[in-house]
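Hello,

Here is the structure I promised to pass on. Please open it next to this email and follow along.

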Amino acid sequence: IIPYTDMMAIAFPIICICLYIYSLTSVRKGWKYAFFGFACLAAAIGGLVKSSVYIMVIAIVITEIILLLKDWKGLWKGFLLKCAMLAVCVMIAGGVTDYTHKETGFIQNKEISATLHHFILMGLNEETTGGHHSGDVALFGQYATGKERNQAEVKLILERIKDKGILGYP
């Protein structure tokens, strides 16, 4: 049995947001930072299982920036400490990823990696309403380099936008 990564990672965003809320509501300063650190750690570990968990880091950073803008003078030192804690967790996750790739012999082939162009192209596919489409995926085998494929995808993206209009109406 091969576990599905979405199911393995589903608890991490919940744990992350719960710990982050505890950090916001904790009265004791030490616990605020401990809960924040654990929230970052939960995001880092979850991100190793499924990268979509990193959306929690983005949400936390946006929330922290908003809180900082409300009270710049009172929160900037804590903000810097939280940024440092977050950076450490990101570096740990990156180090674990690099170590795992090295130990398993994994070499990422940049020529066949899906880029943002590919996901925009799939999102503009009317047949599947933005889902997986074998015709879009077939582009991977039609071009010798990733650069050529990206250029073809941009051409198709522009055609789809032209056909449907910028707001989705012809």
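**Helix α2 against helix α4**

P13, C16, I17, Y20 and L24 in α2 meet M56, I60, T63, E64 and L67 in α4. Contact means heavy atoms within 4.5 Å. By class, eight of the residues in this contact are nonpolar, one is polar and one is charged. Ala, Val, Leu, Ile, Met, Phe, Trp, Tyr, Cys and Pro count as nonpolar; Asp, Glu, Lys and Arg count as charged; the others, Gly among them, count as polar.

Before going on, note that this is a predicted model: local features need pLDDT of at least 70, side-chain atom pairs count only at pLDDT 80 or more, and totals for chains, interfaces and linings use all residues. Residues are numbered from 1 along each chain as its sequence is written, and side-chain values use heavy atoms, with hydrogens and water left out.

Helices (H or I, at least four residues) are DSSP runs, numbered from the N terminus. Two packed helices are described by the angle between their axes and the distance between the axes. Helix α2 covers residues 11-25 and helix α4 covers residues 55-70. Their axes come within 10 Å and cross at roughly 20 degrees. That makes α2 roughly parallel to α4. Angles under 35 degrees count as roughly parallel, over 145 as roughly antiparallel, 65 to 115 as roughly perpendicular and the rest as oblique. Axes are lines fitted to C-alpha atoms, for helices over the stretch in contact, and angles run from 0 to 180 degrees between N-to-C directions. The crossing of α2 and α4 is right-handed. Right-handed means that the near helix is turned clockwise from the far one by less than a right angle, and left-handed means anticlockwise.

**The core**

Which residues touch the most other members of the largest nonpolar core? They are C16, Y20, F36, A39, C40 and I60, out of 16 residues. A nonpolar core is a set of buried Ala, Val, Leu, Ile, Met, Phe, Trp, Tyr and Cys residues joined through side-chain atoms within 4.5 Å. Buried means under 20% relative accessible area, exposed over 50%, partly exposed in between (1.4 Å probe, protein chains only). α2, α3 (29-49), α4 and α5 (72-104) each supply at least two residues of this core. The largest share, six residues, comes from α3. Leaving out residues up to four places away in sequence, A39 touches C16, L19 and Y20.

G37 also sits in helix α3. G37 is buried, at 16% relative accessible area. Beyond four places in sequence, G37 is in contact with M85 and C89. C83 lies in helix α5. C83 is partly exposed, at 33%.

**Helix α6 against helix α9**

The axes of α6 and helix α9 (residues 146-164) come within 9 Å and cross at roughly 30 degrees. That makes α6 roughly parallel to α9. This crossing of α6 and α9 is left-handed.

Is H118 buried or exposed? H118 is buried, with a relative accessible area of 4%. H118 belongs to helix α6 (residues 116-123). Leaving aside neighbours within four places in sequence, H118 is in contact with D136, V137, F140 and E153.

T129 is in the loop between α6 and α7 (134-137). T129 is exposed, with a relative accessible area of 75%. Phi of T129 is near 45 degrees, a positive value in a residue other than glycine. Most residues other than glycine have a negative phi.

Best wishes
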